[in-house]
Amino acid sequence: MIFTIAGKELKALFASPLAWVVLTFMQIILAFGFLKRLDDFMQIQPQLIQVPNPPGITELVVAPVYATTAVVLLFAVPLLAMRLIAEERRNQTMVLLISAPLSMTEIVAGKFVGLLAFLLLVVGITTLMPLSLLLGGRLDFGLLASLIIGVALLAACFAAVALYASCLTAQPFVAAMIAFGLLLGMLLAGETAADGLRGRGWPVPAALAQVLSPLKNFEPFAKGVLDSYSVACMLLLIATFLILTIRRLDAVRLRG
Amino acid sequence: MTDQSTEITVSAQGLSRKFGGHTAVSGVNLELKRGEILGFLGPNGAGKTTTMQMLTGNLAASSGAISICGIDLFERPTAAKARIGYLPEHPPLYRELTVREYVDLAARLHRVAKSARSAAINDALARCGLSDVAQKLIGTLSKGYQQRVGIAQAVVHQPDVVILDEPTIGLDPNQIREIRTLISELGANYSVILSTHILPEVESVCDRVQILHHGSTVFSDTIAGLKQFHGGRMVLVGLKRPPAASDIATISGVARVEPAGGNLFRVSFTDNADPTENLVRRAVEKSWGLYQLSPAQSSLEDVFVQLTRKEETSP
């Protein structure tokens with residue numbers, strides 16, 4: 001049942017020009033960054049050979065591609081997610097889902113899975129760029145796997161936050177702005193808050209701040225470290241925002 | 001099959017709903033048997049839509065109980081919802097889907113088994129006269145067809161109860177007739193609750209009528225009972241040489257006399273009195289030329305206006 005709703009959301013995404021525009025611009029931006037870095041790498045390659053234990057192409061070219069993906073997702077996810085619930089409420093089509101024999105959890109999970117499937121497609125297409133390097137070289141597959149997992153988890157975090165924003169209002173554009181504001185706030189606060197609190201000897205607030213800063217949790221992945229603490233923080237963030245969304249929609253039914 | 005006709009499909013007791021301090025619906029009872037069509041009437045803002053939203057689980061009730069085919073809607077919402085088909089006032093259509101895709105989605109959401117799905121979709125499309133436009137995008141269809149898509153969505157899973165909120169609003173007279181025929185057909189198999197403002201529609205389609213006003217039931221009876229609403233207490237009198245209306249009103253037991261056009265008068269009685277005999281005697285004595293005397297059948301419109309106006313004047 002979750003996949004029925006997910007399939008409907010995917011179909012709706014591809015029926016709107018927005019998804020195609022977002023995919024196009026992401027590819028242009030990422031391809032530009034990728035080629036630029038590849039060009040730089042080719043130029044400094046002779047010097048790298050002289051360094052003992054030099055950084056490889058995966059570290060110098062591929063990792064920055066995923067860092068750019070993370071930033072582009074920060075802008076793209078609020079736009080892709082804005083209509084998920086807000087538009088259904090504006091067009092009063094939510095009634096179809098709520099009248100059907102489904103729990104609110106299934107509805108929210110279905111919408112989340114639908115959006116996530118689209119974002120994984122984005123990550124998949126992005127991954128084709130590093131894989132093209134196999135034509136003329138070798139890659140560090142460990143680091144590549146870590147980057148893919150990290151960016152997929154990050155996308156899931158963004159999706160959960162943006163889905164919650166979408167259930168707060170019946171105006172898709174307002175939803176996008178709320179999502180963007182939440183994500184940007186998390187980025188700015190998370191950058192400094194977790195380390196600052198930990199430095200003062202407050203481990204619990206520090207852990208909470210860490211949960212709320214998905215980009216900070218992405219950092220270990222970018223270095224090729226599968227940090228279970230970061231994974232747990234990201235999963236916790238996803239669960240928190242999905243539950244908030246479910247509760248919010250239940251409250252709409254109760255309060256009208 | 002015999003006990004199917006008496007099987008109660010919808011039962012709601014003491015249904016109330018408050019929005020903040022405002023009470024939208026209070027203490028509404030509702031009962032529907034299989035194969036019955038219930039007309040749900042009331043002025044705008046009477047609480048019809050709110051009641052329907054509660055019956056379909058779209059809105060939680062402040063108090064009261066609802067059971068669908070014996071399943072409590074609040075305790076087992078998914079099992080109860082599986083037996084309901086709902087067309088809200090604003091049909092929940094996805095304009096970017098084709099008619100067939102949309103009805104297919106509705107069937108999946110209502111957990112129609114995969115093996116039966118294709119047949120169920122074809123059946124719903126044929127029944128609602130949509131087979132020819134099955135491959136068209138919903139956004140390109142006319143309002144009448146969109147309304148039919150909304151009904152197809154509500155019946156594709158063959159629910160026991162179909163709830164239609166103003167299904168004929170905004171349609172042209174031909175489309176209204178088609179939808180009305182469709183609703184009569186639905187009534188043969190399902191229980192139908194139909195809310196509407198078009199009173200002749202109710203008289204022609206429904207078995208029973210329930211009128212809401214200010215959130216509570218002011219009338220609930222069968223169509224036959226409705227026609228007798230004044231039956232015992234009002235007669236239509238035709239006089240060839242009519243006196244002044246006030247002369248007729250002097251007969252004991254007559255409450256009110258209204259001219260009903262031409263030489264006809266509508267004479268209503270006070271409670272517990274039947275002055276028909278006195279009326280006839282007086283007419284003969286004064287040679288008013290009595291040529292017609294019939295119990296006045298009240299139309300739904302009379303009852304509706306009377307019940308929903310009367311209460312407005314009283315606090």
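View 1. In α4(B), the residues A120(B), I121(B), A124(B) and L125(B) are buried. Seen down the axis of α4(B), these buried residues fall within an arc of 125°, so they line one face of the helix. An α-helix has 3.6 residues a turn, so residues three or four places apart point the same way. Turn to the other side of α4(B) and you will find S115(B), S118(B), A119(B) and A126(B), which are exposed. Please keep in mind, here and in every view below, that this is a predicted model.

**View 2. The length and surroundings of α4(B).** Helix α4(B) covers residues 114-127, 14 residues in total. From its first C-alpha to its last, α4(B) reaches 20 Å, close to the 20 Å expected at 1.5 Å a residue. What do the buried residues of α4(B) pack against? Their partners are α3 (99-109) and α5 (143-155) of chain B. Following α4(B) comes G129(B), with a positive phi near 65°.

View 3. Strand β1(B), residues 8-19, and β2(B) pair in the antiparallel sense over eight bridges. To find your place along this pair, look for I8(B), which stands opposite K33(B) in β2(B).

**View 4. The six-stranded sheet of chain B.** Here the strand order is β6-β7-β8-β3-β9-β10 (chain B), in an open sheet with mixed pairing. The edge strands, β6 (84-87) and β10 (216-222) of chain B, each pair on one side only. On average, neighbouring strands of this sheet are turned by 15° against each other, direction ignored. One parallel pair is formed by β3(B), residues 37-41, and β8(B), residues 191-195, joined over four bridges. Within that pair, G39(B) has L194(B) in β8(B) as its bridge partner.

View 5. Helix α5(B) lies across β6 and β7 (161-165) of chain B, running at about 165° to β6(B). Helix α6(B), residues 173-189, lies across β3, β7 and β8 of chain B. The angle between α6(B) and β8(B) is about 145°.

View 6. In soluble globular proteins, nonpolar side chains tend to be buried together. In this model, the largest nonpolar core has 143 residues, and those with the most contacts inside it are A159(A), A160(A) and L163(A). Helix α7(A), residues 141-167, supplies the largest share of this core, 17 residues. Which residues is L163(A) in contact with, leaving aside its neighbours within four places in sequence? They are A81(A), L84(A), I85(A), K111(A), F112(A), L115(A), F241(A) and T245(A).

View 7. Chain B contains 11 helices and 14 strands, and its C-alpha atoms fill a box of roughly 80 × 45 × 40 Å along the principal axes. Of the 315 residues in chain B, 39% are buried. Among contacts in chain B between residues at least 6 apart in sequence, 69% join residues at least 24 apart.

Terms used. Residues are numbered from 1 along each chain as its sequence is written. Chains are lettered from A and ligands numbered from 1 in the order in which they are written. This is a predicted model: local features need pLDDT of at least 70, side-chain atom pairs count only at pLDDT 80 or more; totals for chains, interfaces and linings use all residues. Helices (H or I, at least four residues) and strands (E, at least two) are DSSP runs, numbered from the N terminus. A residue is buried if 20 or more other C-beta atoms lie within 10 Å of its own, exposed if 12 or fewer, and partly exposed in between; C-beta atoms are placed from the backbone. Two residues are in contact if their C-beta atoms, placed from the backbone, lie within 7 Å. The expected span of a helix is 1.5 Å times one less than its number of residues. The arc is that of the directions from the helix axis to the C-beta atoms. Two strands pair if DSSP finds at least two bridges between them. Axes are lines fitted to C-alpha atoms, for helices over the stretch in contact, and angles run from 0 to 180 degrees between N-to-C directions. A nonpolar core is a set of buried Ala, Val, Leu, Ile, Met, Phe, Trp, Tyr and Cys residues joined through C-beta atoms within 7 Å.
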